[in-house]
Amino acid sequence: MRLEIQCEDRIGMVREALDLFIPHGIDMRLVEVDTKRRCIYCGFSDIPFSKLQQLLADIRRLDSVEDVKTVMFTPSEREHNALYTLLEALPDGVISVDLKGNITMVTELAAEDLNVPVLNLLHKPVQQFIKGINVSKDAWANPRDGMSKRIRIRNKTLLLEMKPIFVSDDEGVTNPAGTVIYLKSKTRLDRQAESLKQAPDAENYLENYFRPAVMKSEAMRRTLLQAKAFAEVPMPLLVQGEVGTGKRDLVDALFQYWQKHQGDREAQLIVRHARELVREDINKLDKMSGWFVIEDIECLDEQVQLDLASWLSRHPGESTSLDSNVRLVSLSSLSQKQLSNSETLNKTLYFALATLALAMPSLRDRKEDIEGLIQQVISAQAERYRLPVPSISKGALTKLALYSWPGNLKELQNTCLQTLLTIKDKEWQAEDILLPENNYMVDMALIDDSLEVTVKQWEAELLKRLYPSFPSTRRLAKAVGMSHSAIANKLKEYEINT
């Protein structure tokens, strides 16, 4: 529990306040004075509410006390946690040591480099864990200059940089207070540079939201073309697609694209699930500015459907953006046919919501995009979990391309993450990727008692399945590691239309 006592800055104020805790038998754990805010902060274990009420009353009766209240944390606790969060976000491991060379703070990334848990590092000599540091006790006590050197830990080369910490006293004189050590890795620096190159251009939004590598399929190109055409039209928009196809991501990108072109920085993107909506939410639409997104529109309460239909009737599709400040966007995993025939969704409402309809294609319809999506997903995951970006063999890519992906992007992300966390420091092979039983492997039996005939039929089936993902003889030849002419002859032999 934390108390904030706001009071005048006078001699004896802290003593008088702390004396009040003694009769209540409270064991103080923290005392902090903030002269800028004119506050005293006290920390102690939780006490019964009745005792707390009495304590607060006693403190308020003190001379010069203006207010007292409970708070979640003190300013120094907030600053300490903010600093630690900032350090954890850095691409380098960070260690702080005191004037004796003992570790006082260490980030998870630095602990990972040293292969020692954080708790086992604290208050221990840093030289116990980094053998390449040869610093005397006097040098720790009086750090004056920085130092850079290459070291090896667990067969990994790191760049170690040391910088002294100085604190100014009341006279403005700087005094040594310790040393900060940075552990830099070439792998991490390369990963950061790669992430910077691959990150979407924030100034172009939708144009660069989908990279060329994931826009090779005709289905995805058509969706993006429609999305840009629908972006600036204020009519209701329905975005439909199977579970996990990335409908929310598309809406986020579309909103940013619209916001950039409209120049309306105050507009908001508000997302709510249909089950959460009540009549009052519909009544507030006229006071909103931006896009109001309803997920799983088919789950709307019957009364809310009537209220929403009524609201839409007052805002016809022909209205301009000047007539209404809010645009209604609905999402659904059901097909448009299912929605229009649904017994739970009012038909009048459905056709009003589907004034403009945008379909997010499934991965089955985006086979040409699979390789680019995989690279995009594992690059983002490797950055998040601070792991090297793995290379992927042709066999592994083929296995992933042939899978049907009933869970779409979400399932692809799950599969990539599981493989990334378990297969480290080597190229992914087909056997490394664990997928559910899938129809890409057909039951094989000897045909006409001939191995040659059987192999040819299996090869023909495989090439038929691969061709949509690599729709040219040159691309298919490169994917399977054969010459262009050999693949062209096989496609002709198996009558696979090119």
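How many helices and strands does the protein have? The predicted model contains 20 helices and 14 strands. The following legends describe an overall view and several close-up views.

**Figure 1. Overall view of the predicted model.** Of the 498 residues in the protein, 42% are buried. When contacts between residues at least 6 apart in sequence are considered, 62% of them join residues at least 24 apart.

**Figure 2. Helix α3 and the elements that surround its buried residues.** The end C-alpha atoms of α3 are 21 Å apart, in agreement with the 21 Å that its 15 residues should span at 1.5 Å a residue. Pro75, Leu87 and Glu88 are the buried residues of this helix. Their packing partners are the strands β2 (28–34), β3 (39–44), β5 (93–97) and β6 (103–106), together with helix α4 (108–114).

Figure 3. Apart from neighbours within four places in sequence, Glu88 is in contact with Thr107, Glu108, Leu109 and Arg386. Glu108 lies 20 residues from Glu88 along the chain, and the C-alpha atoms of the two residues are separated by 7.0 Å.

**Figure 4. Packing of helix α19 against helix α20.** Helix α19 (residues 473–480) and helix α20 (residues 484–493) pack at an angle of about 110°, and their axes are 8 Å apart. Because angles of 65 to 115 degrees count as roughly perpendicular, α19 is described as roughly perpendicular to α20. On the α19 side, the contact is made by Thr473, Arg474, Leu476, Ala477 and Val480. Helix α20 contributes His484, Ile487, Ala488 and Leu491. By class, the contact has six nonpolar, two polar and one charged residues.

**Figure 5. Asn115, a residue with positive phi in the loop between α4 and α5.** Although Asn115 is not a glycine, its phi is about 60°. The loop that holds Asn115 runs between α4 and α5 (118–121). With a relative accessible area of 53%, Asn115 is exposed.

**Figure 6. His123, a residue with positive phi in the loop between α5 and α6.** The phi of His123 is near 70°, a positive value in a residue other than glycine. His123 is located in the loop between α5 and α6 (137–141). This histidine, His123, is exposed, with a relative accessible area of 62%.

Definitions and conventions. Residues numbered from 1 in each chain as written. Predicted model: local features only at pLDDT ≥ 70, side-chain atom pairs only at ≥ 80, totals over all residues. Heavy atoms only, no water. Contact = heavy atoms within 4.5 Å. Helix = DSSP H or I, 4+ residues; strand = E, 2+ residues; numbered from the N terminus. Expected span 1.5 Å × (residues − 1). Buried < 20%, exposed > 50% of the residue type's maximum accessible area, 1.4 Å probe, protein only. Axes fitted to C-alpha atoms, helices over the stretch in contact; angles between N-to-C directions. Parallel < 35°, antiparallel > 145°, perpendicular 65-115°, else oblique. Nonpolar A, V, L, I, M, F, W, Y, C, P; charged D, E, K, R; others polar.
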